[in-house]
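Keep the structure open while you read.

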Amino acid sequence: MIRTRSLVSDGSRLRRLAPLALPAAWGAVAVAWRFGCPLARQPGLPMRIATSVVFLTVGIGLVLGLRRGLARELARVRAVAHVTQQVLLRPPPARLDGLTLAAGLLSASRDASVGGDLYEAVATPHGVRIVIGDVRGHGLAALGAVVAVLGSFREAAHDEAELGGVLRRLERALERHLRERARDEHPARTGTEPTHPVAEEFVTLLLLEVRPDGRLAVLNCGHPGPYRLGRTAERLPVGDPLPPLGVLPLPAAPVPYTAARLLPGETLVLHTDGAEEARDRRGRFFALDTALAGMPGEAPAALVRRIHTELLHHTGGRLADDVALLVVRNDRVRVPAQPAEPGLRRPRPASSSHC
């Protein structure tokens, strides 16, 4: 096994050096010609020009070889990042238990496909459960917390009968991650409370359950409330917010807010705070509510694309924070009252008169 890995590593190094083989060989010939050939040492302008052309050609070949190798390495890194995004922040199903969904992420880190924002939607026996969150900070440093929260949600959403139980599982998963990370970064402090800034990291979170009748159960941990699109665009009430995960302990039994509904034909737009805090060159915030008000009846996938386009146009392509969007449309059909079958008469109410 060790020998196989060594051979694979050697082969990988040889592939990286392959673009430099021809320029290096040509350079060796040029050096040998310059110092070993009597003709190359003869005075005169033509011979100097010939020598300069040879060495210039070698230099250009080396630069192009290095550039080609770096381009291949960058392509491999981008491919790995794309696969990581598909596994970690996978796109939700287009249809889920009568709901139409679409999601998208804009990363503030250059050439990054994943960052500190997270989302997921799963169908469970208790309804469609959805999470969207934002880890403090962005980029690769926040990936560990994203992995911990999403991994816990994908299991707890099916296991826990109550939405509050799902939230408590997410809190415990994040606490474990932060403890392990602090211990790895400061092994000498094992057994003591971490004082490193990692102990101050937190996650804002919105946990939502869409029940079969369209009723919503919502738990909000310091996250921006979603917008509900029907005839108008309005901020959905989500009840009193809880503290973000990792800041203060949650109640033993968090009680979700259940007074909101998502009727057939209505759309819910969940987002992270980067969508509303994006600024243009003059410092003006992006008006997400105004943008959504101008998109009645948009399909979820088209709505995500248009919001991303308007965000990039507003900021000139310079985002200060990651932006995640998750759009859910209720395409469940109301079942109308069924008429009586032909040939059957409805029973008449009994008469109150007496003969």
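Let's start at the hairpin of S5 and S6, where 5 residues sit between the strands and Gly 214 takes a positive phi near 90 degrees. Bear in mind that this is a predicted model.

Is S6 buried or exposed? 6 of the 6 residues of S6 (residues 216-221) are buried, so this strand is largely enclosed by the rest of the structure. Both of its faces are covered: Leu 216, Val 218 and Asn 220 are buried on one side, and Ala 217, Leu 219 and Cys 221 are buried on the other.

Zooming out, S5 and S6 belong to an open sheet of 4 strands with antiparallel pairing, in the order S3-S4-S5-S6. S3 (117-124) and S6 are the edge strands, each pairing on one side only. On average, neighbouring strands here are turned by 10 degrees against each other, direction ignored. Helix H3 packs on this sheet, touching S3, S4 and S5, and its direction makes about 10 degrees with that of S3.

H3 (residues 143-159) has 17 residues, which at 1.5 Å a residue should span 24 Å; its end C-alpha atoms are 24 Å apart, so the two agree. There is still a kink of about 25 degrees, centred on Phe 153. Phe 153 is also one of the buried residues of H3, along with others including Leu 143, Val 146, Val 149 and Leu 150.

Now for the other sheet. This one is open too, with 6 strands in the order S1-S2-S10-S9-S7-S8 and antiparallel pairing. S1 (95-96) and S8 (233-235) stand at the edges with a single partner strand each, so one side of each has no neighbour in the sheet. Helix H7 (residues 300-315) packs on this sheet, touching S2, S7 (227-229), S9 (267-271) and S10, and its direction makes about 25 degrees with that of S2.

| Strand pair | Bridges | Example partners |
|---|---|---|
| S2 (residues 99-106) and S10 (residues 323-330) | 8 bridges | Leu 101 and Val 328 |
| S4 (residues 127-135) and S5 | 8 bridges | Val 131 and Leu 207 |

Notes
Residues are numbered from 1 along each chain as its sequence is written. This is a predicted model: local features need pLDDT of at least 70, side-chain atom pairs count only at pLDDT 80 or more; totals for chains, interfaces and linings use all residues. Side-chain values use heavy atoms; hydrogens and water are left out. Two strands pair if DSSP finds at least two bridges between them. Helices (H or I, at least four residues) and strands (E, at least two) are DSSP runs, numbered from the N terminus. Contact means heavy atoms within 4.5 Å. Axes are lines fitted to C-alpha atoms, for helices over the stretch in contact, and angles run from 0 to 180 degrees between N-to-C directions. Buried means under 20% relative accessible area, exposed over 50%, partly exposed in between (1.4 Å probe, protein chains only). The expected span of a helix is 1.5 Å times one less than its number of residues. The bend at a residue is the angle between axes fitted to the seven residues ending there and the seven starting there.
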